[in-house]
Amino acid sequence: MTLPFLDNLRITWVEVLDIALVTFIFYRGLILIHGTRAVSVLHGFLLICILYYLSGEFGLNTLHWLLTNFLGSVFLVLIILFQADIRKALSSVGAWGFFRPNRREAMNEAALDECILAVFQMARTRTGALIVFERRVPLGDWIARGVELSARMSKELLGTIFFPDTPLHDGAVIVQGETIAAAGCILPLIAGVPLDASLGTRHRAALGITEETDALAVVVSEERGVVSVADGGKLISPVDERTLKNILWNLFSKRP
């Protein structure tokens, strides 16, 4: 049995490519916003579109006029609402760009061990710390806001930086590969997301920088002596020494 309308259907490879690209972009967009507050914004926007359609169907002229004017500048509204998500998406695309090779700062096992020893030593002494590991999205803007060090990774240096009452202990350390690039860095705080009352400014900063970029952040709580990991705007807490080593090893280890 054949369908008559299929006889006149002609699809070129350009149309197939066009459909595949649009599908891929929508798919990556949904993955990008999955689990973020952008989903709630999209739900609200969908509700407004439904109200717009119903107001026209049932003759609610005033409401329909208001929604018409609102939706007339829909692209501007979307840019304002999703400016952080758009900025993150564009930086991710640039980091994976076609015109320069993928960059992934790597660490050898000795540097990883030094970092992990420092983190859990500070956890035992309840010394607050925030360490951010750069991945493919450059963190130069935040490095410039701190004190540039360009020093080799060592547990002694990390312990000195975060020792209470030192000038740099309140800011974040940014790590590029095996190098402590900067200390005392001021990071963006996550906003609009309810957090546990026990989580302080360091945790909000860790969530903020990992929401805006693809960086990974390790936080030591000075109140509880607990180590947490922030990735993609989400917090994993608490983590033990083996879990942290596995996370860092999988992301940053130098492989043959």
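Reader: On what basis are the values computed?

Author: This is a predicted model, in which local features need pLDDT of at least 70, side-chain atom pairs count only at pLDDT 80 or more, and totals for chains, interfaces and linings use all residues. Residues are numbered from 1 along each chain as its sequence is written, and side-chain values use heavy atoms, with hydrogens and water left out.

Reader: What should helix α9 span at 1.5 Å a residue?

Author: Helices (H or I, at least four residues) and strands (E, at least two) are DSSP runs, numbered from the N terminus. The expected span is 1.5 Å times one less than the number of residues. The twelve residues of α9 (201-212) should therefore span 16 Å, and the end C-alpha atoms are 16 Å apart, which agrees.

Reader: Is strand β5 buried or exposed?

Author: Buried means under 20% relative accessible area, exposed over 50%, partly exposed in between (1.4 Å probe, protein chains only). In β5 (residues 216-220), five of five residues are buried. Leu 216, Val 218 and Val 220 point one way, and Ala 217 and Val 219 the other.

Reader: Which residues stand opposite Ala 217?

Author: Two strands pair if DSSP finds at least two bridges between them. Five bridges join β1 (residues 129-133) to β5, antiparallel, and Val 132 stands opposite Ala 217. Five bridges also join β5 to β6 (residues 227-231), again antiparallel, where Ala 230 is the bridge partner of Ala 217.
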